[in-house]
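Please look over the sequence and the fold below before reading on.

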Amino acid sequence: MKRSLVLLEDTPGRVRVVEAWLGGRDDVELVHYARARELIAWLEEHLSEAALISLDYHLGGAGPGAGSGFDVALWLGRQTPTCPVIVHTSDTTAATYVCDALVTGGWTTVASPFASDTWGALADAQLAATT
């Protein structure tokens, strides 16, 4: 069974970068949401399937009420850790809050701004650390 790369992202160009990275892989499939509450609803049923979670903080492109990566981090912080989490935001203050919420719950996290030329390598490193 394939495990899931779980992506919270509202920018279509970034989603395409992740899809391109996944194009050469047969071990993980993309689960993508642009709104925090929808992702949390999926995670409530499928968290054990996650191989890697990647969270954006700002979800302004998803419209009013989209929530943020922090909302997901607070929920995850109350769950048993199952995989690493990438916090991919250029807002260093927000990244600190998101990572703190996750680390408090025992999650392995790394924060880095999303860059199309480096995100895949970061994801590869996180996946390799769990196998």
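Predicted model: local features only at pLDDT ≥ 70, side-chain atom pairs only at ≥ 80, totals over all residues.

Residues are numbered from 1 along each chain as its sequence is written, and side-chain values use heavy atoms, with hydrogens and water left out.

Q: At what angle do helix α2 and helix α3 pack?
A: The axes of α2 (residues 36–46) and α3 (residues 69–76) lie 9 Å apart. The two helices are therefore roughly parallel (an angle under 35 degrees). The packing angle is about 25°.

Q: Is S68 buried or exposed?
A: S68 is placed in the loop between β3 (50–55) and α3, and a polar atom of its side chain lies 3.2 Å from the backbone nitrogen of F70. Leaving aside neighbours within four places in sequence, S68 is in contact (heavy atoms within 4.5 Å) with L8, A36, D56, Y57 and L59. Because its relative accessibility is 12%, and buried means under 20%, S68 counts as buried.

Q: Which residues of α4 meet α3?
A: Helix α4 (residues 92–104) packs against α3 at about 15°, with axes 8 Å apart, which makes the pair roughly parallel. From α3, the residues taking part are G69, F70, A73, L74 and L76. Their partners in α4 are Y97, V98, A101 and L102.

Note on methods
Axes fitted to C-alpha atoms, helices over the stretch in contact; angles between N-to-C directions. Helix = DSSP H or I, 4+ residues; strand = E, 2+ residues; numbered from the N terminus. Parallel < 35°, antiparallel > 145°, perpendicular 65-115°, else oblique. Buried < 20%, exposed > 50% of the residue type's maximum accessible area, 1.4 Å probe, protein only. Polar contact = N/O pair within 3.5 Å; in protein donor to acceptor, adjacent residues only side chain to side chain.
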